[in-house]
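Please open the model in your viewer and keep the selection panel at hand.

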Amino acid sequence: MTSPIHVMSEIGKLKVVMLKRPDVEVENFTPDMMPRLLFDDIPYLPIAQKEHDNFANVLRENGTEVLYLEKLSAEALDDGGEEVKQNFLQQMLAESGYVAGVTHDALKEYLLSMSTQDMVNKIMGGVRKNELDFVPADLVSAAEENDYPFFMDPMPNLYFTRDPAASIGDGLSINHMTFAARQRESLFMETIIKYHHRFANKGLNVWRDRNHDTRIEGGDELVLSDHVLAIGVSQRTSADAIEDIAKNLFAKSHYDKVIAIKIPHNHAMMHLDTVFTMINKDQFTVHPGILGEGGHIDTWTITPGKDGELNLDHRTDLKQVLKDALNLDDLDLIPTGNGDPIIAGREQWNDGSNTLAIAPGVVVTYNRNYVSNELLRKHGLKVIDVLSSELSRGRGGPRCMSMPLVREDL
Ligand SMILES: NC(=[NH2+])NCCC[C@H](N)C(=O)O
């Protein structure tokens with residue numbers, strides 16, 4: 001039997017993927033909450049959903065089974081039974097700021113009065129104060145800022161299923177994320193892996209769990225082969241988390257090389273996959289803006305050292321580093337926006353480098369990045385472009401919006 005998670009590359013034919021259909025969480029906030037929630041605009045929900053359904057259909061038409069985070073989460077809680085559901089809720093409330101107390105109790109009662117699916121959707125969508133027939137009378141609540149409309153914030157970034165967890169080999173990392181706006185997200189994946197009948201007790205390896213202080217996100221974790229990973233040192237992933245996961249992988253898996261790639265620490269390029277993705281055995285997209293003079297960039301190739309320690313090799317020629325790690329004679333680095341500074345900047349902002357390979361040389365991209373798409377076609381790739389006007393407002397593209405669970409081996 002194949003493992004429910006099996007991902008040995010970025011490009012093997014995509015067999016099973018997990019998505020999250022955007023719902024009320026992407027519009028249940030005001031402009032002043034946007035920076036904190038990591039959004040630059042508020043999507044128009046009906047169109048965002050249409051676009052997302054288009055994305056899911058494209059994947060299905062190409063032979064991929066599409067699973068949904070929201071559905072798996074509810075099923076996992078039902079599979080786990082009453083105690084699991086109670087514990088999940090306790091943890092979610094604690095991470096939302098309510099370890100105990102009157103508000104905790106009122107929220108718990110409110111959420112438990114719903115079906116499991118409605119409860120999950122409600123937690124994802126956010127709980128407003130005016131939904132509950134309850135005004136907290138304790139000092140903590142009274143002393144707090146009263147105008148804030150939410151008891152529990154919405155989680156608008158959930159449709160970027162790539163980030164809270166990442167499939168690697170026959171296992172995954174469940175991530176401690178950087179910003180508070182996203183930290184609760186990975187609790188859903190932890191619950192699915194532990195209790196959903198499709199995943200529980202199937203020998204899955206958790207290479208690193210969410211109980212850490214150091215930060216890592218799936219947008220930075222790229223599976224280049226069954227031996228090599230690339231991980232971004234970015235706004236969202238810290239060097240110490242990379243060392244930690246490298247040590248675990250070297251000790252327990254067939255992975256023996258991690259290429260750490262340092263990218264600018266900013267919102268436009270928050271993850272490695274916003275500036276660099278693998279799309280074929282010897283082809284990558286790369287945003288020219290991350291390469292310094294002469295095309296150089298800081299990379300550290302990490303390999304197992306003595307007594308569980310790590311060896312580091314610092315190099316700046318990305319192309320050569322990749323060629324060496326993947327045993328390739330040549331390699332095609334395709335620049336976002338064809339290298340034009342205006343187009344590259346604009347199309348990178350709209351996730352023009354954030355391609356999802358669904359087979360070697362076959363990629364799903366946003367249709368709005370037409371210059372980059374045309375260039376990919378010129379380089380021999382099959383490009384399937386999907387609708388993107390509203391989805392792109394969350395600052396993530398097809399790779400961010402998908403968590404591959406099973407890919408065919410190459
Ligand atoms: N893998 C990715 N590039 N994900 C994009 C995530 C975008 C999201 N708004 C965030 O800032 O977290």
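Select helix H2 and colour it by accessibility: Leu45, Ala48, Gln49, Glu51, His52, Phe55, Ala56, Val58 and Leu59 are buried, where buried means under 20% relative accessible area with a 1.4 Å probe, protein chains only. This is a predicted model, in which local features need pLDDT of at least 70 and side-chain atom pairs count only at pLDDT 80 or more, while totals for chains, interfaces and linings use all residues. Residues are numbered from 1 along each chain as its sequence is written, and side-chain values use heavy atoms, with hydrogens and water left out.

Next, show what lies over those buried residues of H2: the cover includes strands E1 (14–19), E2 (65–68), E16 (356–359), E17 (362–366) and E18 (382–386), with contact taken as heavy atoms within 4.5 Å.

Now select residues 45–61, the 17 residues of H2, which span 24 Å from first C-alpha to last, close to the 24 Å expected at 1.5 Å a residue, the expected span being 1.5 Å times one less than the number of residues. Move on to Gly63, which follows H2 and has a positive phi, near 90°.

Finally, zoom out to the protein chain, which holds 13 helices and 19 strands, these being DSSP runs of at least four residues (H or I) and at least two (E), respectively. Of its 410 residues, 57% count as buried. Among contacts between residues at least 6 apart in sequence, 71% join residues at least 24 apart. Along the principal axes, the C-alpha atoms of the chain fill a box of roughly 70 × 50 × 40 Å.

Definitions and conventions. Buried means under 20% relative accessible area, exposed over 50%, partly exposed in between (1.4 Å probe, protein chains only).
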